[in-house]
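Hi everyone, thanks for coming.

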Amino acid sequence: MHPGNVESAEQDHFDLLPFIAIMLCLLGALLLVTMSMASISLGAGAGEGWIPGPEKLTKIPILIEWDGTDAVWRKGGARIRESVDADVLPVDGVWYRVRRGENGDILGGVPVPEPPRSRFDELLAGLAANRETSYALIAVRPSGFDSFSRFSERFRGLRIDIGYEPIDQSKPVRLLLPKEVLP
Amino acid sequence: MSRKKQIGFEQPSLVPLADMLTNTVGIMLFILIFITLGAGGAMIARRLPRERPTKAHACYVLCVEGRVVGFRFAPLLEQFVAPLGRPSGSDLEMWVRAFNARKTETASLVISGEASVDTGPFGLVRPESFEVTLDIQVKPGRGESLDTIGQPASDYRQWLGTLDPKADFVFFMIQPDSLAVFRAARDEAVIRGFDFGWSPQRAREPARFSLTGSGREAGRL
């Protein structure tokens, strides 16, 4: 038994050291958890805020995320995710499906019927109609590297200005626009 | 005091200590919750320019396996095709065979090529089908890593020092495993006043430069 808990004529005090040790251990553990959570949130887990520039902002960017299969953008506060087949694209008004070789290289295209109009097509049409005031800022995930040139061709084909930047696969991203250009 | 003397030792109450401990733990938990909630929305701000045409000369940086290697294209091409001479209609097939068989190296890069030409009726070569690409890949373990790229003696920094920010721009060719080193390399270039561009590359494949299509280096032959 601990001497502090024993009634004794010589020792009439209560030893607080074990209690304080437990408290310090607990505080240390909580500090460790707090610091870990903070470092994860501020480091690898932090999102990215993209600021158009550094030149003067003459066009308003529309942020579009591309991961190789889905395009993600925001409209009226809502987040829209839609599957886009980058291998099907129009050339001079005719739709083609990309034909690939065994090693994945593009060999050419096969004409296909025009696919049904999607929300992504509406986004493109809106950007094309406002090409003097808007442009597409594309966040390219690593899984979308392979198909990005064909994806971006959908924009370039409509003479929509683009900017693009790679971003880690699961890192959140949003636009940081000056207040005066916010819709 | 008299009572203490009677029994020799009085058991102190642990309630204030337990109270203090509970308060401290509670405060720490609140701090943890606030930090987690506050840091959850943390954003790293980046300034991103819009794509625009340039008349500056492209100088390439391959970002592969977490390493970067910079090079000028023209000297590599010159080194590669010098022994072959320029392709001409009369010996196009022979030139294509020699081009495909050739392989050169620098300290950090391996250069190979792929050329093709079709033959029409009567075995005649169809010059319009002539296609040439130059493949450039980084040797394993070569190039600057994220740890060394910012050091004053790094090869990448020295290579940037040989370029002219007014006449050249830096074009990064990035594989999916090299985003962090690309950002570090780009920061170094931007600090020195260079414009930049980038294109995504397929993983574990050489950078391919078309010399006959519509690419940036087309028409060099």
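Predicted model: local features only at pLDDT ≥ 70, side-chain atom pairs only at ≥ 80, totals over all residues.

Let's begin with chain A. It has 3 helices and 10 strands. Reading from the N terminus, the elements go α-β-β-β-β-β-β-β-α-β-α-β-β. Among the 183 residues of chain A, 19% count as buried. As for contacts in chain A with a separation of 6 or more, 62% of them are between residues 24 or more positions apart.

Now over to chain B.

Next, the strands of chain B. In what order do the strands of the open sheet of 5 strands in chain B come? The order is S7-S3-S2-S8-S9, and the pairing is mixed. At the edges sit strand S7 (144-145) and strand S9 (196-200) of chain B, each of which pairs on one side only. Within chain B, strand S2 (residues 57-64) and strand S3 (residues 67-71) run antiparallel and are joined by 5 bridges. If you want to find that pair on the screen, look for B:Val64, which stands opposite B:Arg67 in S3(B).

Strand S4 (residues 103-105) pairs with strand S5 (residues 109-119) over 3 bridges, and a hairpin of 3 residues joins S4(B) to S5(B). Here B:Lys103 stands opposite B:Ser112 in S5(B). S5(B) is also joined, by 10 bridges, to strand S6 (residues 125-138) of chain B, and those two run antiparallel. One bridge to look for there is B:Asp118 with B:Arg126 in S6(B). As a quick reminder, strands of a sheet pair through backbone hydrogen bonds, either parallel or antiparallel.

Finally, the cores. Which residues touch the most other members of the largest nonpolar core, out of its 33 residues? They are B:Val61, B:Leu62, B:Cys63, B:Val68, B:Phe172 and B:Ala185. S2(B) supplies the largest share of this core, with 6 residues. There is also a second, separate core of 23 residues, which includes A:Trp50, A:Leu127, A:Phe155 and A:Tyr164. Coming back to B:Leu62, leaving aside residues up to four places away in sequence, this residue touches B:Val68, B:Val69, B:Ile136, B:Val138, B:Met173 and B:Ala207.

That's my tour, and I'm happy to go back to any part of it.

Notes. Residues numbered from 1 in each chain as written. Chains lettered and ligands numbered in written order. Pairing = 2+ DSSP bridges. Helix = DSSP H or I, 4+ residues; strand = E, 2+ residues; numbered from the N terminus. Core = buried A, V, L, I, M, F, W, Y, C linked by C-beta atoms within 7 Å. Buried ≥ 20, exposed ≤ 12 C-beta atoms within 10 Å, placed from the backbone. Contact = placed C-beta atoms within 7 Å.
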